Amino acid sequence: MTPPLILSLEESRDPSLVGGKAAGLGRLLAAGFAVPRGLCVPTTVYSHALAAGGINAEEVWRRVLQASQEERSQELSRVHACLLKQAWPAGFQLALERRLAELTHDPATRWAVRSSATNEDVEQASAAGLYRTSLGLSSAEILRGICDCWQSLWTEASVEYALRTRGEIACPSMAVVIQPLLQATTAGVAYSIHPVTGRTSQVVINAVPGLASSLVSGEVTPDQYVVEVAEDEGRPLRIRRSLLATKPQKLLATPAGVLTETISETAQKQSSLSDAQLFQLARLAKHIEAAFRHPIDLEWVWDADKVWVVQARPITAVQPSSALTNDECEWTRANLKETMPELPSPLGLSFLERFMDAYIVAPYRRLGCTVPAGLSSVRVMHGRPYLNVTLFYTLVTQLHGNPSFLTEQMGGEPLGFRPSVRPLRGLALIRAGLLMMREWRRVVREGPANFIAMKHMAETYQPDRIRNLSAKELAATLDRLGQWLDAHEVTFGIAGGVAQSLQAIGTFLPGWLGEDWRELLNASLQGQGSVISAQHILCLAELVEVARSEIVVQQWFLSEEWAASGFREALAGTTFLRRFEEYLSDYGHRAVGESDIMSPRIADDPNAVLILLQTQLRDGKAVPPGDVMAQQTQRRQEAFAEIHRRFGWRRHRGVVFRWWYRRLSRFCALREANRHHLLYYSTAVRHLLLQLGERMVAQGVLARRDDMFYLTMNERAALSEGAPRDWQRLVQDRREEWAHHHALQVPDTVRDWEAVLEQGMSMTGQVNGGLLRGIAVSAGTTTGPVRIVRSIHDWQRVRRGDILVVPVIDPGMAPLFGVAAGLIAEMGGTLSHGAIIAREYGLPVLVNVPYATTLLREDEQVQIASSTGTVSRLVP
């Protein structure tokens, strides 16, 4: 049977005959997707051209794979020359003219001629951007376009790609796709999963006005979008990210070919796609993914009427994942702002991260909850910590908790996007319940003793009692206190008890009491006298009463030249001073921003409390503590009476309510007591750290004793062990960074971490602290020297382990990918051909790093971290 010279795309099914691209288009057509009609020149015509020139493709391919650089270049040139002078099969040119006329009767039609190699767009490797595509050809230029596609199979880049990705011996063959060039208003690419994380609930779309050839080649920065979809049905839920680039020009298909047109200044930053178009593209990507039964990367074109698919290929370098990543989560400062200063110390942040992971997230894991690898509970932006709301939503949901109470408990804004979560079932849920009950019993059994122990620590490690300890003894004591906390921490059990009680009460009280159930519940919890924070307030009220009852004290407070300093001398022998010292013993370890160990305690500087007391004495409006308690008791009794009145004759409701009410009251009191006594523990550690700081100052290691607070926990341990490092320089850098962060503002809620950082990036791309920021298109972290590559003439300077810094990622640079440790590009998108190949090579890559070739210096050491999208200059 005579092999066909030309096939329609509908007939293009066999990849060995029509190549991967044409086979993919044929499959799309068969599935009913909108693909422009077209033709395929099969591999048999290519094989005929080689054979007519005396080229044995298989034999030459084997020699090319094994040849030296010089021999390889000679062989490739010989094949190119042969294809340039090829003899077309008999009747091919006439058949092509006839078939083109059948596609369109307009002789002025411009054409797109694309490669379709047998090793292109296959599941093992995509070969994205390696082979030739020609746009805007006239009918007379198509034959040359076919020849260009054939020649593109025999290049250094394609040989290197074959060796690196597949190590293949079999020689690929080349077919060619021919289609009328669409009149694109917008074009681009779309990934049915996230191209870096593999997240299956995110469709990533890049778009430019006009034709997309400059986008896929990596020559321009496109508009970049992320659309969140429902994982089970592919239904678009929201546009998660929309990063709009400045687009000064666009490529347009015209009767004269492809021309460049300038975009008006006002339109350069307008979105290339509407929200409706983004949703339609996301649905299209997921529908094609379902039809192909694997994630896909598609090229699309939007004309005046509809969206067309012009290519679909398997995603080869990323494994699909339904696991959450940090960048997808929503974050809040609400809870932390209540207990930490605006800018916590590095040591405070370090302890917070460890506390959350070891004492909150780890117990959830022990209950059987799933925490995706790499997901953190705390993240820091410009020195401010954030809690991962999405993570805690998933944990609560796994335990069949009501996530609607999450915002109420954590504060901040409600969760905007709720990921799908698989709750625990059957025995796993029963096991989690039993473990939680055991934890609650441990809290009740061990909590009070732990509280006494922590208060004793604060008394034991007062500054005057540890003044004679050596640096080694101080460090050992700190380590011992850390081990004690590991064994005795009960925050998780207490928080669980409060949450369970609130959820249970919130389930039945609304139906039993009505809309004001929360107000009644809150009133019923007043005036119990068991919450230690409330006792703190009453103690201050008592101090005002005592001061008012002693003439000497009252005169001192109301003196015209009053100053809080020297109060001990001025009030010696008074009842007020004795009671104030008792107050400092009980509450002097508290502070503003008290969860940060660097924050000064009340006892360090009690002047603020004395000023508060003076204000109350001066205005004469202080309410006696007895009256305060009486008012609270009355409100509590009235609330109880109203609650029981509404229960009416349903006495069982009263029984149920009282049981949960007592449980909630107990755990609320335990929560405040736990916090109060953890701060005793924190004060003990603070005293030890400051004493250790004094020893380090005496040794010349640190400049000031409070430099200790500018180290992390691990760095503090290394310092104590005598690790060699310029600790003073490190602290100085941290202090400067802290001062820089102080001038910045951050949102309280972050729904898109990367977008917030992008908005805060300066126009030069340079970020204080030696960082440049970009968009990660390939996962990984790597360190190496900078090698700036602007043209092929720079290739000779590239050495193994270099970080290549380039204007764009050209697919022709593939030979360099084998020696490079990573890539930094000034322009490009996550879905450009160069980015696709770099991912397949496993290179960490950042694109959209403005002015990288200017800001970075040859041979300077940098680190690429795709997880944060940053380039760190290791020697500022």
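These are my notebook entries on a predicted model of one protein chain.

**Entry 1: the whole chain**

I started with the overall numbers. The chain has 876 residues, and 55% of them count as buried. I found 30 helices and 26 strands. I then looked up the extent of the C-alpha trace. Along its principal axes it spans about 120 × 75 × 55 Å.

Next came the contacts. Residues 24 or more positions apart account for 71% of them.

I also checked the surface. The accessible surface comes to about 38800 Å². Carbon and sulfur atoms hold 52% of that area.

Charges were next on my list. I noted 91 positive and 92 negative side chains. The centres of the two sets lie 5 Å apart.

**Entry 2: a nonpolar patch**

I looked for nonpolar side chains on the surface. L427, I430, L434 and M437 form a patch there. Together they have about 440 Å² of accessible area. I followed up M437, which lies in helix α14, residues 426-460. M437 has a relative accessible area of 40%, so I logged it as partly exposed.

**Entry 3: T43**

Is T43 buried or exposed? I read a relative accessible area of 6%, which is under the 20% limit, so T43 is buried. T43 sits in helix α2, which covers residues 43-52. I then listed its contacts, leaving aside neighbours within four places in sequence. T43 is in contact with S16, L17, T118, S173, M174 and A175.

T43 and V553 are 102 Å apart in space, C-alpha to C-alpha. In sequence, 510 residues separate T43 from V553.

**Entry 4: A852 and its surroundings**

A852 lies in helix α30, residues 852-855. Its relative accessibility is 0%, so I put A852 down as buried. Which residues does A852 touch, not counting those up to four places away in sequence? I found L772, V805, I824 and E826. A852 and S524 are 62 Å apart, C-alpha to C-alpha, and 328 residues apart in sequence.

I then checked backbone angles around this helix. Most residues other than glycine have a negative phi. Y851 has a positive phi, near 60°. Y851 is placed in the loop between β24 (845-847) and α30. D859 also has a positive phi, of about 75°, although it is not a glycine. I located D859 in the loop between α30 and β25 (861-865).

Accessibility followed. Y851 has a relative accessible area of 48% and is partly exposed. D859 is partly exposed too, at 48% relative accessibility.

**Entry 5: salt bridges**

Side chains of opposite charge can pair when their charged atoms come close. How many salt bridges does the count come to? I logged 56.

R110 counts as buried at 19% relative accessibility, whereas E141 is partly exposed at 36%.

I read 29% relative accessibility for D586, which is partly exposed. K455 is partly exposed as well, with a relative accessible area of 25%.

R729 is partly exposed at 48%, and D733 is partly exposed at 31%.

I closed with a network. Salt bridges that share partners join R787, D794, R797, D802, E858 and D859. D859 is the residue I had noted for its positive phi.

Methods. Residues are numbered from 1 along each chain as its sequence is written. This is a predicted model: local features need pLDDT of at least 70, side-chain atom pairs count only at pLDDT 80 or more; totals for chains, interfaces and linings use all residues. Side-chain values use heavy atoms; hydrogens and water are left out. Helices (H or I, at least four residues) and strands (E, at least two) are DSSP runs, numbered from the N terminus. Buried means under 20% relative accessible area, exposed over 50%, partly exposed in between (1.4 Å probe, protein chains only). Contact means heavy atoms within 4.5 Å. Accessible areas come from the Shrake-Rupley method with a 1.4 Å probe; for residues, only the protein chains shown count as cover. Lys and Arg count as positive and Asp and Glu as negative; His and the chain ends are not counted. The place of a charge is taken as NZ of Lys, CZ of Arg, CG of Asp or CD of Glu. Patches are made of residues with over 30% relative accessible area and no salt bridge: like charges are joined within 9 Å, nonpolar side chains (Val, Leu, Ile, Met, Phe, Trp, Tyr) within 5 Å. A salt bridge is a side-chain nitrogen of Lys or Arg within 4 Å of a carboxyl oxygen of Asp or Glu.
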